[in-house]
Amino acid sequence: MKKTLAFIIMTSIVALAACSNDYHEAVDVFDLNVVLTNGDEGTPLSGARVELRSIGRDAIFVDTTDTQGTAHFAVPAGIYQASSAYTNRSGVNTVEIANATSGQFVVGNEEGTATINIKMSKSRLSQLVIKELYNGGIKKEDGTAFHYDKSFIIYNNTSVRASYSNLCVGIGTPYNSQANNKWYDGNGHLSYEAEGYMPAIDGIWYFPQTLTIEPYQQVVVNCHGAIDNTQTYPESVNYAKADYYCMYDPEAGYVNVNYYPTPASIIPTDHYLKAAKIGLSNAWALSNSSPALFLFQVPDVTPLQFASNTSNMTYTPGSAQTDVNKVVKVPIDWIIDAIEVFAASYKSSNTKRLPASVDAGYVELTNQLGHTLYRNVDKAATEALPENEGKLVYNYAMSVQPDAEPSKIDAEASIKNGAHIVYMDTNNSTADFHERLTSSLKQ
């Protein structure tokens with residue numbers, strides 16, 4: 001039922017009204033119910049956290065579902081998107097998770113109580129996770145930005161050796177979270193979600209050989225600038241390491257020397273990732289503010305064959321069918337892990353690109369400050385490993401926002417102390433990542 005409040009007491013609603021000098025001004029609010037059900041059984045899901053995000057405003061509302069699986073909200077008229085994540089841990093590295101997003105919907109066009117029904121979808125966990133993403137760059141002494149030093153880290157989050165052939169990397173469209181997203185349909189849903197694929201823009205990169213990572217070990221992948229960048233910019237990152245990998249394939253057409261200087265000679269050539277370029281750009285433009293990055297594995301054929309097959313391609317809706325707007329359709333079932341990044345400076349215009357079954361949330365980044373996005377530690381699973389007794393280091397102090405890392409475990413210090421770390425993996429970047437002051441590669 002429609003109601004009018006004379007005074008706003010919710011902090012998030014106050015933020016919406018901040019443009020007014022009179023917080024006592026009457027504001028129309030509407031009752032909204034979000035109902036969660038188990039996708040397989042259709043039964044109500046109680047005790048689940050539901051996040052309601054206002055599109056176009058810097059406001060987030062949170063509630064927990066009751067015994068009927070319903071979260072209750074009273075919100076101003078506007079466009080919203082609801083999301084939820086469920087985790088059930090039955091043992092170390094044995095986790096059942098389910099995620100869901102509602103798509104965008106409008107509140108306030110009709111009288112009465114609006115109800116949004118969401119079916120939770122189970123998500124698949126993998127041995128490999130994206131442990132860290134460094135893409136925001138730094139500021140140079142003259143105040144301008146330097147962002148030709150991007151990288152990410154792949155981590156084996158289990159006690160079993162991981163071996164992956166045809167392992168690939170893609171980025172979602174649009175490149176930046178704040179850009180106009182033409183992939184939303186008339187019902188506020190990502191059009192490709194129902195079709196079971198994720199569009200990879202411009203091209204994909206892949207490991208030319210099978211990648212093997214030992215338990216609780218990592219692989220560093222440089223995306224741009226596989227050199228010792230600290231020689232010119234001390235606040236940057238040194239990638240001149242023999243065990244690092246890098247994206248470097250001029251023969252594919254990625255020839256922009258700002259992004260791809262000749263890699264440091266210490267990096268073996270068999271650590272060069274190969275590319276399948278489908279766009280017109282001369283560099284794979286990993287956003288320096290807000291990418292949607294994902295790992296996937298191609299079965300049966302080579303990554304180059306997959307990306308070269310025209311039947312696996314489509315175009316951005318409402319755009320000319322040219323190479324500029326061409327994307328590769330990556331089946332969602334192939335995706336191993338992903339991270340959705342929102343630009344902290346564009347809170348009111350960020351939109352999701354990854355479907356809920358891939359990643360139900362997002363993590364914010366303030367770029368050009370040397371910050372990185374680092375995966376949270378799964379405290380219970382890490383402390384449960386018997387070999388970690390006496391090796392874990394606490395009082396973590398590298399997060400940009402206080403308490404953004406709930407475990408309080410300093411993962412890098414613990415690793416140096418001989419511990420094995422199990423990282424959070426709920427396929428929800430909001431729960432899985434935090435913004436970190438510096439790249440772990442600088443420690």
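**Two sheets, strand by strand**

V221 stands opposite Y245 in β19. Let's start from that pair.

First, the ground rules. This is a predicted model: local features need pLDDT of at least 70, side-chain atom pairs count only at pLDDT 80 or more, and totals for chains, interfaces and linings use all residues. Residues are numbered from 1 along each chain as its sequence is written, and side-chain values use heavy atoms, with hydrogens and water left out.

Now, the terms. Strands (E, at least two residues) are DSSP runs, numbered from the N terminus. Two of them pair if DSSP finds at least two bridges between them. In general, strands of a sheet pair through backbone hydrogen bonds, either parallel or antiparallel.

Back to our pair. Strand β18, residues 218-222, and strand β19, residues 245-247, run parallel and are joined by 2 bridges.

Where do they sit? In an open sheet of 12 strands, with mixed pairing. The order is β25-β24-β21-β14-β16-β20-β19-β18-β12-β9-β26-β27. Look at the edges: β25 (363-365) and β27 (433-436) each have a single partner strand, so one side of each lacks a neighbour in the sheet. On average, neighbouring strands here are turned by 25° against each other, direction ignored. That angle is taken between axes, lines fitted to C-alpha atoms; angles run from 0 to 180 degrees between N-to-C directions.

Next, the other sheet. It is open, has 3 strands in the order β15-β23-β22, and its pairing is antiparallel. At the edges are β15 (197-201) and β22 (313-315), each pairing on one side only. The twist averages 45° from one strand to the next.

Which residue stands opposite M313? V328, in β23. β22 and β23 (residues 326-331) pair in the antiparallel sense over 3 bridges.

Note on methods: Helix = DSSP H or I, 4+ residues; strand = E, 2+ residues; numbered from the N terminus.
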